Amino acid sequence: MSAPFEERSGVVPCETPWGQWYQTLEEVFIEVQVPPGTRAQEIQCGLQSRHVELAVRGQEILKGKLFDSTIADEGTWTLEDRKMVRIVLTKTKRDAANCWTSLLETEYAADPWVQDQMQRKLTLERFQKENPGFDFSGAEISGNYSKGGPDFSSLEK
């Protein structure tokens with residue numbers, strides 16, 4: 001059995017002062033570096049449909065309105081190796097046209113090159129999902145891939 005598409009193709013991270021964030025068709029991942037030895041009891045994390053906040057040892061790390069809506073009760077956070085908090089948010093709109101350009105409405109925007117790479121990756125992921133027998137992990141896209149690429153759904157198979 002082959003690995004999920006996003007694991008074979010890698011991710012396109014958007015670097016931030018506290019770590020990075022990246023996305024797939026269905027989820028947004030936030031990775032926050034915390035002081036080594038941090039314990040789960042020292043973390044306060046609030047996840048809502050359009051809002052996220054994270055504080056470690058009483059110090060606010062991340063707080064604001066998300067770029068787009070998520071499914072609040074599917075959001076999770078974990079502390080990994082006592083040095084990184086990973087937050088996973090499930091997008092409400094799960095298609096290649098819904099490529100977030102920033103994590104929050106007003107902060108942590110991807111630069112134009114990273115945004116372009118994110119959009120390409122989501123388009124390839126969409127192609128993989130629509131054509132499960134094919135491997136698009138090494139494919140290159142040129143041309144129209146913005147907003148999820150061309151729509152071939154109306155063509156006869």
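Helices (H or I, at least four residues) and strands (E, at least two) are DSSP runs, numbered from the N terminus. I am working on a predicted model, where local features need pLDDT of at least 70, side-chain atom pairs count only at pLDDT 80 or more, and totals for chains, interfaces and linings use all residues. Residues are numbered from 1 along each chain as its sequence is written, and side-chain values use heavy atoms, with hydrogens and water left out.

**Entry: Leu66**

I found Leu66 in the loop between strand E6 (59–65) and strand E7 (76–80). Its relative accessibility is 0%, so Leu66 counts as buried (under 20% relative accessible area; exposed is over 50%, partly exposed in between; 1.4 Å probe, protein chains only). I looked up its contacts (heavy atoms within 4.5 Å). Leaving aside neighbours within four places in sequence, Leu66 is in contact with residues including His51, Val52, Leu89, Trp100 and Leu103. Leu66 and His51 are 15 residues apart in sequence, but 5.3 Å apart in space, C-alpha to C-alpha.

**Entry: strands E4 and E5**

I checked for pairing, which needs at least two DSSP bridges between two strands. E4 and E5 pair in the antiparallel sense over five bridges. Glu53 in E5 is the bridge partner of Gly46. A hairpin of three residues joins E4 to E5.

**Entry: cysteines**

I looked for disulfides (cysteine sulfur atoms within 2.5 Å of each other) and the count came to zero. Cys14 counts as buried because its relative accessibility is 4%. Cys99 also counts as buried, at 8%.
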